[in-house]
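Here is a briefing on pockets, surface and backbone. Keep the structure open while reading.

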Amino acid sequence: MSNARVKQWAQFARFWWLFDAKWQHPKGIAEKVKLYLMGKHKPIYHPFSDCGDQVVIINTRHVAMKGDEWFRKKFRHHTGYPRGFSEWPAWVVQDQDPTKVVWKYIYHSIPQKPQRSTIIERLHLFPDEEVPPDIMKNVAAQMRQLRPVPKTLSEYTNEEIDNFPRLFEWPDEYIIKPDRPVSIKAA
Amino acid sequence: MVFLTAVKLLRQPVPDPWWKRHRIFQLSKYFYGRRRNCYGVAFRAVHKSLEQARYVRKKKASDFRQLCILRIHSAALEHGIPYNALISNMLKCNIALNRPMLAQLAIYEPRTFKSLVDVCKTKSIEDGIDTVNRLPPPHVITRGML
């Protein structure tokens, strides 16, 4: 009995990926994740062959944008009726639903074609690290993040801070001026 | 006695118009409505369909090439280099595999494809383009070594 059948099943099986969206830009997430959803990361890709994978994104609450982009980036919606236009800054949408911003970026990065609705069904977004067990048991591999997540100062232990190499020591009498406060222009 | 004017009375008969219309209707057999059966409408529809066929013949070739490039790019990324690095280094090494062949190798001969990728990585390191990786992949023999 040859195992060609088993190899065929293994080659065309739908794969489940995990992606940690913490401190990543939603546009970068969209550009990377859409390839996996459409199946373009596979050498056997064909638009008719429905070879896309499932992607689970966690920590969508903690996505990051640069500077005041949370205020400048607007999501627009028109109901189709007169006076039905509305515009919302990204931070309002994020407060209302922490997965919506990432979902919109991914949905609009996939080309507008009949398969788009099936492709987006295979995307699973979670605001924090809690994922339901029936989804988590399918997840097989994790995708590499786009930007490295740096360690915050509070995550360093006191010993590491003391032992970190210094060029020079400030004298005890020296007063270090506080930084200028960041001005954020509210929408 | 010779009847000379009789020769002038012999004129070529009008060819049967059925044949001219048949040439068009052969191509319009599967069209919708009057485009199938009425000559004037069918003539225009058939000529449009022949124009489309000519345009699509070129597009089919370019669509297939685009698909091959996409497949090669995704296969090469699995090994760490993008499509443009692979193709440019293969040109420099005089490996004349075309895109459809490379796509077939990427799907059905993965180890062969990996060895091609290794050759391209070595070439880019030896040429000084790749400054990040100092060591070329193992088992690649180049001209300078022999």
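**Pockets, surface patch and backbone**

Five helices each give at least two residues to the lining of the largest pocket: α1 (4-12) and α2 (26-38) of chain A, and α4 (39-78), α6 (99-108) and α7 (110-126) of chain B. The model is predicted.

**Largest pocket**

- The volume of the largest pocket is about 700 Å³.
- Its lining counts 27 residues, and those closest to the centre are A:His41, A:Lys42, A:Pro43, B:Ser74 and B:Glu78.
- α4(B) gives the largest share of this lining, with six residues.
- By class, the lining of the largest pocket holds 15 nonpolar, seven charged and five polar residues.
- In general, empty space left between atoms shows up when a probe the size of a water molecule is rolled over them.

**Second largest pocket**

- The second largest pocket holds about 360 Å³ of space.
- Its lining has 13 residues; A:Tyr45, A:Pro47, B:Asp63, B:Gln66 and B:Leu67 lie nearest the centre.
- Here, too, α4(B) provides the largest share of the lining, six residues.
- Seven residues of this lining are nonpolar, four are charged and two are polar.

**Nonpolar surface patch**

- A:Leu167, A:Phe168, A:Trp170, A:Tyr174 and A:Ile176 make a nonpolar surface patch of about 650 Å².
- One of them, A:Tyr174, sits in the segment after α8 (158-163) of chain A.
- A:Tyr174 has a relative accessible area of 46%, so it counts as partly exposed.

**Positive phi values**

- Most residues other than glycine have a negative phi.
- A:Asn59 has a positive phi, near 60°, and is not a glycine.
- A:Asn59 is found in the loop between β2 (54-58) and α3 (69-72) of chain A.
- A:Asn59 is buried, because its relative accessible area is 4%, and the cut-off for buried is under 20%.
- B:His139 also has a positive phi, near 65°, in a residue other than glycine.
- B:His139 belongs to the segment after α7 of chain B.
- B:His139 is exposed, because its relative accessible area is 81%, and the cut-off for exposed is over 50%.

How values were computed. Residues numbered from 1 in each chain as written. Chains lettered and ligands numbered in written order. Predicted model: local features only at pLDDT ≥ 70, side-chain atom pairs only at ≥ 80, totals over all residues. Heavy atoms only, no water. Patch = residues over 30% accessible without salt bridge, like charges linked within 9 Å, V, L, I, M, F, W, Y side chains within 5 Å. Areas by Shrake-Rupley, 256 points an atom, 1.4 Å probe, with all protein chains shown as cover. Salt bridge = Lys/Arg side-chain N within 4 Å of Asp/Glu carboxyl O. Helix = DSSP H or I, 4+ residues; strand = E, 2+ residues; numbered from the N terminus. Buried < 20%, exposed > 50% of the residue type's maximum accessible area, 1.4 Å probe, protein only. 1 Å grid on protein atoms, 1.4 Å probe; cavity = no way out; pocket = protein on both sides within 12 Å on 5 of 7 lines; lining within 4 Å. Points joined across faces, edges and corners; volume = space filled by probe spheres on them. Nonpolar A, V, L, I, M, F, W, Y, C, P; charged D, E, K, R; others polar.
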